[in-house]
Amino acid sequence: MSTIDLNQQIQGHHLDLKITPTETSKEEESRLRREEAQSAHDRWKSTIAFAALVLAAFGIAGIAAYMLLGQNSSADDKKWGASILTALFTGAVGYMTGQKAGQAAK
């Protein structure tokens with residue numbers, strides 16, 4: 001029987017060797033159900049976080065608008081309200097343009 005020098009065979013090549021056990025159909029079904037449940041949970045968690053962020057932003061925008069447009073607001077309060085509304089608007093535009101740029105890159 002002749003011997004094969006594996007080091008000589010892979011010269012100039014990249015070799016990946018992966019040994020994985022075979023997955024039965026029941027194990028595959030279980031893994032897929034688990035992955036689907038985790039994915040649904042992650043989407044739900046992201047939706048809840050986004051909704052909370054939007055509600056908080058609208059609440060802050062409402063307070064800032066009240067300070068900006070209020071009859072009893074001082075000049076400092078109006079500056080504060082204008083600054084907060086500007087920051088919220090800029091953040092919203094940045095978020096929307098960032099989303100579109102991310103989708104275009106995919």
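This is a predicted model: local features need pLDDT of at least 70, side-chain atom pairs count only at pLDDT 80 or more; totals for chains, interfaces and linings use all residues.
Select Glu23 to begin: with a relative accessibility of 39%, this residue counts as partly exposed.

Keep Arg31 displayed and select Glu35. A salt bridge links Glu35 with Arg31, and their closest N and O atoms are 3.2 Å apart. Glu35 and Arg31 lie about one helical turn from each other, because they are four residues apart in helix H2. Glu35, at 42% relative accessibility, is partly exposed. Through shared partners, the salt bridges join Glu23, Arg31 and Glu35 into one network. A search of the whole structure finds two salt bridges.

Now turn to the largest pocket, which holds about 390 Å³ of space. To display its lining, select Phe50, Leu53, Val54, Ala57, Phe58, Ala61, Leu88, Gly91, Ala92, Tyr95 and Met96. The elements that each contribute two or more residues to this lining are helix H2 (25-69) and H3. H2 supplies the largest share, six residues. Colouring the lining by class shows ten nonpolar residues, one polar residue and no charged residues.

The last stop is Lys79, located in helix H3 (residues 75-105). Lys79 is exposed, as its relative accessible area of 57% is over the 50% cut-off. Select Leu68 together with Lys79: the two are eleven residues apart in sequence, and their C-alpha atoms are 7.3 Å apart in space.

Note on methods
Residues are numbered from 1 along each chain as its sequence is written. Side-chain values use heavy atoms; hydrogens and water are left out. Buried means under 20% relative accessible area, exposed over 50%, partly exposed in between (1.4 Å probe, protein chains only). On a 1 Å grid over the protein atoms alone, a cavity is a set of points where a 1.4 Å probe fits but cannot get out, and a pocket is an open set with protein on both sides within 12 Å along at least five of seven lines; lining residues have an atom within 4 Å of a point. Grid points are joined across faces, edges and corners, and a volume is the space filled by probe spheres set on the points. Ala, Val, Leu, Ile, Met, Phe, Trp, Tyr, Cys and Pro count as nonpolar, Asp, Glu, Lys and Arg as charged, and the others, Gly among them, as polar. A salt bridge is a side-chain nitrogen of Lys or Arg within 4 Å of a carboxyl oxygen of Asp or Glu.
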